Amino acid sequence: MFDVDLSGEIDKEEFKKVMALMRSYNRQGAAHRHGLRTGFKVGQSVENGGVVEYFFGNDGNEPLHFDKFTSFLKELHEEIIRLEFSHYDVKSTNTIPAKDFALSMVASADMNHISKLLDRADTLGNDPYLKNLRITFEEFKAFADLRRRLESLTMAIFAYGQVNGLLTKQDLKRAAQHVCGVELTDRVVDIIFHVFDMNNDGHLSSEEFLRALQRREADIHQPAARGGPMGWLNPKNRSSLLQMLR
């Protein structure tokens with residue numbers, strides 16, 4: 001859209017247009033659609049910040065290449081995940097307790113259900129196996145990567161459920177790996193099922209699980225077509241989904 005000559009690079013003025021568009025697509029950004037900081041440096045434009053200098057050089061005349069920009073976004077995403085992981089890794093062991101991982105999953109759940117999910121997370125300490133589990137950063141990051149592929153995951157979970165009935169642990173692992181390209185370890189899947197297997201019957205309560213993930217991403221991403229990722233669970237959209245998967 002902004003790379004008019006299809007050269008794989010944009011200049012500073014084009015980048016400002018990109019930033020303005022991105023701000024308009026999320027709740028926090030819409031509050032600052034004028035591009036001005038608030039707080040200690042009132043009136044200073046975010047478009048003249050350090051990241052712009054990093055992209056376009058001190059004089060602002062260097063072009064920004066697509067590869068550099070995507071690499072920056074990937075590194076930023078990983079750093080945000082690492083900061084969250086560090087919040088739970090208080091002893092800097094590069095692992096976190098299973099309970100803390102469970103809490104990170106349900107932290108943004110719907111208020112109508114969060115108490116129930118928090119109670120499920122609390123009961124991890126009563127399970128002889130789960131209470132001693134530790135989750136590594138790599139496992140934590142893999143789950144965060146899966147969360148970013150929420151629409152594909154929703155489609156996959158629904159498809160596996162249609163074919164096999166209720167969703168088992170192996171179904172979830174296959175859906176994540178084959179459709180989203182994310183490999184979940186047995187430890188991560190065991191914790192997911194402990195929290196979101198509401199009936200304790202060995203099958204995932206898919207809608208509760210997906211809604212918790214959707215709310216986690218809702219403040220960042222603009223809702224997608226069909227009512228967002230959860231729109232695939234609407235019966236009106238299921239027939240078109242099945243046609244796509246055949």
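# Salt bridges, a cavity and a helix

Visitor: What is the relative accessible area of Lys-169?

Guide: Lys-169 has a relative accessible area of 34%, which counts as partly exposed. Buried means under 20%, exposed over 50%, and partly exposed in between, with a 1.4 Å probe and protein chains only. The model is predicted, so local features need pLDDT of at least 70 and side-chain atom pairs 80 or more, while totals for chains, interfaces and linings use all residues. Residues are numbered from 1 along each chain as its sequence is written, and side-chain values use heavy atoms, without hydrogens or water.

Visitor: Which side chain does Lys-169 meet in a salt bridge?

Guide: The partner of Lys-169 is Asp-190, at 2.8 Å from N to O. A salt bridge here is a side-chain nitrogen of Lys or Arg within 4 Å of a carboxyl oxygen of Asp or Glu. Lys-169 lies in helix α9 (residues 169-180) and Asp-190 in helix α10, so the pair ties together parts that are 21 residues apart in sequence. Helices (H or I, at least four residues) and strands (E, at least two) are DSSP runs numbered from the N terminus.

Visitor: And Asp-190, how does it count, buried or exposed?

Guide: Asp-190 is buried, at 15% relative accessibility.

Visitor: How many salt bridges does the count come to?

Guide: The count is eight. One of them joins Asp-171 and Arg-174, whose closest N and O atoms are 2.7 Å apart. Both residues lie in helix α9, three residues apart, about one turn of the helix. Asp-171 is buried at 3%, whereas Arg-174 is partly exposed at 33%.

Visitor: What about Asp-122, which residue forms a salt bridge with it?

Guide: Asp-122 pairs with Lys-99, and their closest N and O atoms are 3.2 Å apart. This pair links distant parts of the chain, since Asp-122 is in helix α6 and Lys-99 in helix α5, 23 residues apart. Asp-122 is partly exposed, with a relative accessible area of 40%, and Lys-99 is also partly exposed, at 35%.

Visitor: Let us stay with α6. Which of its residues are buried?

Guide: In α6 (residues 114-122), the buried residues are Ile-114, Leu-117, Arg-120 and Ala-121. They cover an arc of only 120 degrees around the axis, so they are on the same side of α6. The arc is taken from the directions from the helix axis to the C-beta atoms.

Visitor: What do the buried residues of α6 pack against?

Guide: They pack against α5 (98-106) and α10 (186-196). Contact means heavy atoms within 4.5 Å.

Visitor: New topic. How many cavities of 30 Å³ or more does the structure hold?

Guide: There is one, and the largest cavity has a volume of about 40 Å³. A cavity is a set of points on a 1 Å grid over the protein atoms alone, where a 1.4 Å probe fits but cannot get out; lining residues have an atom within 4 Å of a point. Points are joined across faces, edges and corners, and the volume is the space filled by probe spheres set on them.

Visitor: Which residues line the largest cavity?

Guide: The lining consists of Ala-109, Asp-110, His-113, Leu-117, Glu-208, Arg-211 and Ala-212. Helix α11 (residues 206-218) gives the most to this lining, with three residues.

Visitor: And where does Asp-89 lie?

Guide: Asp-89 lies in the loop between α4 (66-88) and β3 (95-97). Asp-89 counts as buried, at 11% relative accessibility. Leaving aside neighbours within four places in sequence, Asp-89 is in contact with Asn-94, Thr-95 and Ile-96.

Technical notes
On a 1 Å grid over the protein atoms alone, a cavity is a set of points where a 1.4 Å probe fits but cannot get out, and a pocket is an open set with protein on both sides within 12 Å along at least five of seven lines; lining residues have an atom within 4 Å of a point.
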